[in-house]
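Q: I'm new to this one. Can you walk me through a few spots?
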Amino acid sequence: MSGTGPVRALLLGEGVGLLASAAAQTTVAWWLAARGGGADLARYGAAMAAISLLALPLLSPLGDRWSRRRLIRLAQAGLLLDAVLLALLAWQDLYRLPLLCACGALSVLAQAVLLPAQASLLPDLVPADRLPEAIRWRRGAQAIGGLLGPALGGAALAAGGVPLAALLNVALFVLCACAAWQLGASTAPASHAAATGWFDDLAAGLRAKWRVRLDRWWTLAGALMMVFLLPCTGLLLPLRLQSLQLSASWFGACGAALSLGVLAGVAGGADALIRRVGRLRAIGIAVVACGLSIGAVGLCDHAMALVLLFGIVGLCLSVTQLVGQTHRALAVPHAFRARMAAGHLTIAQLAAMLAPALAGALLLRWPVSVVYLSLAAAFLGSGLLLLAVPDLGRFLRLGPEDVKDWYGRTYPEAFTGTQR
């Protein structure tokens, strides 16, 4: 995308950051599995999920009090420090679960500062009419990072074990830190003066998220969809492939197809559908196609067909993610962007925690093929709830200029503390 240096630096930092995080997670998971087994993996995962669920909302006022560029730099420095500490542990072959959890906690806290700041900074750097293009590039960079990160981490593990993989993580986070320093100095003042208390700010952000009726139901319906979708693309996939006696290489192929489907949507597929049928109908078509593809995974027994189905799922996800994201970013009042972004991320994190628990409960009753069919039906049902969100169609028909601060104009009581 043509644009200013800060925009390119932000998108580069996000893409390389996701790649680095995915590679780091692969490295840590491998080390935990090799030295501590399933018990340590479970303890580590539970601890990181709990810290993340608390850190995202509790740190959310930062992005609306302080310079978001400064917060991004601080967070990237924290991630680099975490990578250096992990590399030192790996090169000393010092495996201690409490030390790994402490490093993981540092990473989670840094991400809790970084993600809302990144999400809320982009609308400040890009004119409203160019924000859709910037978001497409953001999604493309994220898809590439998610695709290459585990592959790079796995290659480093195969070539030199955990120490080499940890050194690779340090190099990647150095690139992220360099990109953060290219954002330049902020020309705008801090989002608002910190005249109110921290928990007053926190409560105001949560209250705004709840009182904006459109955003509340949109977020809850989307989270419900993710509860049913995430097991189908993660936990259940290797079980489904094993039930068909397919090798692990097909697991990688399905994951790659998912990312490539997202990239196809970002490259123009999503925009073509939106231009042809409109934003609301595009969401409906994508939801139906995604649900049917998930159900077909439970019925299909041909490996290449499964790969194709996951490509379709990725394409559909790109449509649902790109439709309306520009509108939601512009509609939030500037002083609430980081806190409402953190609220959205927290609910997504909660959905990601509930998804494997639901899948595990269903697997106790039914075979994996039937679980796929039941989750596909539930996904389609929750998609209908999304399409029934009040004012969604009217909101999506607005132009980029009309949607600016739309939440503030339509739901002023959500941002002033008065009751509706």
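Q: Where does Asp391 lie?
A: This is a predicted model. In it, Asp391 lies in the loop between helix H15 (368–387) and helix H16 (392–396).

Q: What is the phi of Asp391?
A: About 70 degrees. That is positive, although Asp391 is not a glycine.

Q: And is Asp391 buried or partly exposed?
A: Partly exposed, because its relative accessibility is 24% and buried means under 20%.

Q: What about Asp405, where is that?
A: Asp405 sits in the loop between H16 and helix H17 (406–410). Its phi is near 60 degrees, a positive value in a residue other than glycine. At 33% relative accessibility, Asp405 counts as partly exposed.

Q: New topic. Which helix holds Thr346?
A: Helix H14, residues 337–363.

Q: Why does Thr346 count as buried?
A: Because its relative accessibility is 14%, and the cut-off for buried is under 20%.

Q: What is Thr346 in contact with?
A: Leaving aside neighbours within four places in sequence, Leu53, Leu56 and Pro57.

Q: Which other residues of H14 are buried?
A: Among them are Arg337, Met340, Gly343, Ala351 and Leu362.

Q: What span should H14 have?
A: 39 Å, for 27 residues at 1.5 Å a residue. The end C-alpha atoms are 39 Å apart, so that agrees.

Q: Now H4 and H6. At what angle do they pack?
A: About 165 degrees, with their axes 8 Å apart. So H4 and H6 are roughly antiparallel.

Q: Which residue classes are in that contact?
A: By class, the contact of H4 with H6 has 21 nonpolar, two polar and one charged residues.

Methods: Residues are numbered from 1 along each chain as its sequence is written. This is a predicted model: local features need pLDDT of at least 70, side-chain atom pairs count only at pLDDT 80 or more; totals for chains, interfaces and linings use all residues. Side-chain values use heavy atoms; hydrogens and water are left out. Helices (H or I, at least four residues) and strands (E, at least two) are DSSP runs, numbered from the N terminus. Buried means under 20% relative accessible area, exposed over 50%, partly exposed in between (1.4 Å probe, protein chains only). Contact means heavy atoms within 4.5 Å. Axes are lines fitted to C-alpha atoms, for helices over the stretch in contact, and angles run from 0 to 180 degrees between N-to-C directions. Angles under 35 degrees count as roughly parallel, over 145 as roughly antiparallel, 65 to 115 as roughly perpendicular and the rest as oblique. Ala, Val, Leu, Ile, Met, Phe, Trp, Tyr, Cys and Pro count as nonpolar, Asp, Glu, Lys and Arg as charged, and the others, Gly among them, as polar. The expected span of a helix is 1.5 Å times one less than its number of residues.
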